[in-house]
Each structure stands twice: as C-alpha cells, then as structure tokens.
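Colleague: Hi! I've got a few quick questions about this one, if you have a minute. Could we start with how the strands line up?

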Amino acid sequence: MRVAALYDVHGNLPALEAVLAEVPDDAAIVIGGDVAFGLFPHETLERLRALGDRAVWLRGNADRELTPGEEGLVPAQMLEWVRGKLSEEEMAFLYAQPPSLTLEVDGLGRVLFVHATPRNDLDIFTERTPEEQIAPLFENVDASVVVCGHTHTQFERVVAADSRSPRDGKFIEIVGRYNPQHEPSLIEFDEEKVKAWLNNGAQPTEPVARLLKAKGISK
Ligand SMILES: [Mn+2]
C-alpha cells in the first residue's frame with residue numbers, strides 16, 4: 001500500500017485541492033486531523049468526505065475541541081466562528097474519528113499515524129527538541145515509522161529502537177535527522193551511534209538505508 005498523509009488542512013480548501021491533484025490515484029489517503037478549523041470548514045470537510053473509502057481519518061485537537069467541554073489549544077472566539085459553519089452531524093463525525101491508526105506501507109513496514117504524538121493530540125515537539133524530551137513520547141511504540149503533524153513544520157528524525165525493550169540501555173535513541181526542505185537536503189547522522197546499532201543487528205527501513213548510503217555510512 002502507498003499512502004499520502006495529509007495533515008492539518010485547517011479549512012484551506014484551495015491548498016487541499018492543489019495537494020489532492022498531486023496524489024497518485026492508487027494511493028490511500030490518511031487525513032491526519034485538524035481538518036475544518038480554518039477559513040472553509042464545511043467545504044473542506046465535504047471535499048475530504050467525498051474521497052470515500054480511499055481516505056482513513058484521525059482526530060486532531062482542533063476537531064475534538066469543536067465539541068463543547070473539551071480541553072485544548074484553540075482560541076475560544078475562533079472556535080465559535082467555526083462551529084457556526086458546521087452542522088451538528090459534521091462536528092460529531094470529526095469527534096468520532098480515532099486518535100491513532102496503523103497501516104502497512106510499502107518500503108516502511110508498520111507505520112503509526114497520530115495527530116501530535118502517540119501520547120496525545122496536543123504535545124508539541126520540533127526539529128530542535130532535545131532527545132531526552134522526545135524519547136518518552138515515543139516509548140512503547142510498536143512501529144518502524146511514526147507520522148505526526150500538529151506543528152505544521154516538516155522534518156524527520158531517525159531513531160533506533162530495540163524491540164526487546166532491554167532493562168538497561170536505551171529503548172529508543174535518536175540517531176539522525178533529515179529535512180528535504182533544506183537546500184540542499186539536510187541529512188545528519190551520529191555515525192558512532194548508527195554503527196553501534198548496525199553492529200548489534202539493527203535493521204534500517206528502506207528510506208533510512210538510502211540516507212545512510214548517501215552519507216557513506218553503510219553500503
Ligand atoms: Mn493540531
């Protein structure tokens with residue numbers, strides 16, 4: 001299965017149309033939450049629901065907070081405006097979506113999709129958040145890749161994780177980062193850490209194997 005993950009559309013219908021035009025016909029679409037909270041709430045939701053079975057949905061904090069009484073981040077005044085643009089059925093539809101889902105993706109294996117982090121739909125981490133703060137958010141995750149949105153910025157961290165959860169030593173360690181939006185693409189690895197994991201039998205995913213090759217770290 002190939003997947004296009006469309007996160008944080010935020011009611012931006014023109015941008016959504018532009019992105020959908022680029023999604024290959026055979027790709028499934030993961031809608032990663034925070035769908036309606038923006039300029040065209042109803043139209044955006046209608047467009048995405050018209051994708052039918054091709055789309056699988058997650059709930060973001062801004063979808064959840066449309067239902068009164070929910071804790072979150074969204075300014076109250078804007079919340080009222082967006083609520084006024086949606087039907088009760090539409091808000092209930094958004095609220096009913098799950099916080100996470102797992103798919104088998106070509107070349108990646110088991111991929112976990114969440115809105116913010118595996119822990120909740122509100123936590124924020126960035127490209128510069130230190131490892132000791134990130135690692136606890138991803139502990140006990142049974143997936144080779146985790147796709148997160150919520151911050152509206154694009155970057156990738158490469159992690160090594162031990163499926164056996166050793167009692168001493170690290171369960172999860174960040175070993176590199178990748179940002180294709182830099183010019184040229186930014187690829188950084190901690191070579192010592194990577195080599196230690198590879199020597200212990202760690203298996204890189206296909207995309208990580210390509211990055212390691214590009215940096216001359218493995219063959
Ligand atoms: Mn969000």
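**Strands, cores and loops**

Colleague: Which residue in β2 stands opposite Ala4?

Modeller: Ala4 faces Ile29 in β2. Keep in mind that this is a predicted model: local features need pLDDT of at least 70, side-chain atom pairs count only at pLDDT 80 or more, and totals for chains, interfaces and linings use all residues. Residue numbers start from 1 along each chain as its sequence is written.

Colleague: Do β1 and β2 run parallel or antiparallel, and how many bridges join them?

Modeller: They are parallel: β1 (residues 3-6) and β2 (residues 28-31) are joined by four bridges. Two strands count as paired if DSSP finds at least two bridges between them.

Colleague: And what does the chain cross through from β1 to β2?

Modeller: The path goes through helix α1 (residues 13-20), giving a right-handed β-α-β crossover. Right-handed here means that, with the strands pointing away from the viewer, the path from the first strand over the helix to the second runs clockwise.

Colleague: Zooming out, how many helices and strands does the chain have?

Modeller: Eight helices and nine strands. Both are DSSP runs numbered from the N terminus (helices are H or I with at least four residues, strands are E with at least two).

Colleague: What share of the residues count as buried?

Modeller: 25% of the 219. A residue is buried with 20 or more other C-beta atoms within 10 Å of its own, exposed with 12 or fewer, and partly exposed in between, with C-beta atoms placed from the backbone.

Colleague: OK, helices now. Which residues of α2 are buried?

Modeller: In α2 (residues 41-49), those are Pro41, Thr44 and Leu45. They sit on the same side of α2, because they cover an arc of only 95° around the axis. The arc is that of the directions from the helix axis to the C-beta atoms. The cover over these buried residues includes α1, α4 (76-85) and α5 (88-95).

Colleague: Which residues touch the most other members of the largest nonpolar core?

Modeller: Ile31, Val35, Ala36, Leu58 and Phe113, out of 23 residues. A nonpolar core is a set of buried Ala, Val, Leu, Ile, Met, Phe, Trp, Tyr and Cys residues joined through C-beta atoms within 7 Å. β2, α5 and β5 (109-114) each give two or more residues to this core, and β5 gives the most, with three.

Colleague: What is Val35 in contact with, leaving aside neighbours within four places in sequence?

Modeller: Val9, Thr44, Leu45, Leu48, Asp63 and Leu94. Contact means that the C-beta atoms, placed from the backbone, lie within 7 Å. There is also a second, separate core of nine residues, with Val158, Val159, Val208 and Leu211 among them.

Colleague: Now the loop between β1 and α1. Is Gly11 buried or exposed?

Modeller: Gly11, which lies in that loop, is buried, with 21 other C-beta atoms within 10 Å. Beyond residues up to four places away in sequence, Gly11 touches Ala36, Phe37, Gly38, Leu39, Phe40, Pro41 and Thr44. Its C-alpha atom is 7.9 Å from that of His42, 31 residues apart along the chain.

His10 belongs to that loop too. His10 has a positive phi of about 50° although it is not a glycine, and counts as buried with 20 C-beta neighbours inside 10 Å.

Colleague: What about Asn140, buried or exposed?

Modeller: Exposed, with 10 C-beta neighbours inside 10 Å. Asn140 is in the loop between α6 (131-134) and β6 (145-147), and has a positive phi of about 65° without being a glycine. Most residues other than glycine have a negative phi, and most peptide bonds are trans.

Colleague: Speaking of peptide bonds, is the one from Glu183 to Pro184 cis or trans?

Modeller: Cis, with omega near -5°. Pro184 is in the loop between β8 and β9. Strands β8 (residues 172-179) and β9 (residues 186-189) are antiparallel, with four bridges, and a hairpin of six residues joins them. Asn179 stands opposite Leu186 in β9.

Terms used. Two residues are in contact if their C-beta atoms, placed from the backbone, lie within 7 Å.
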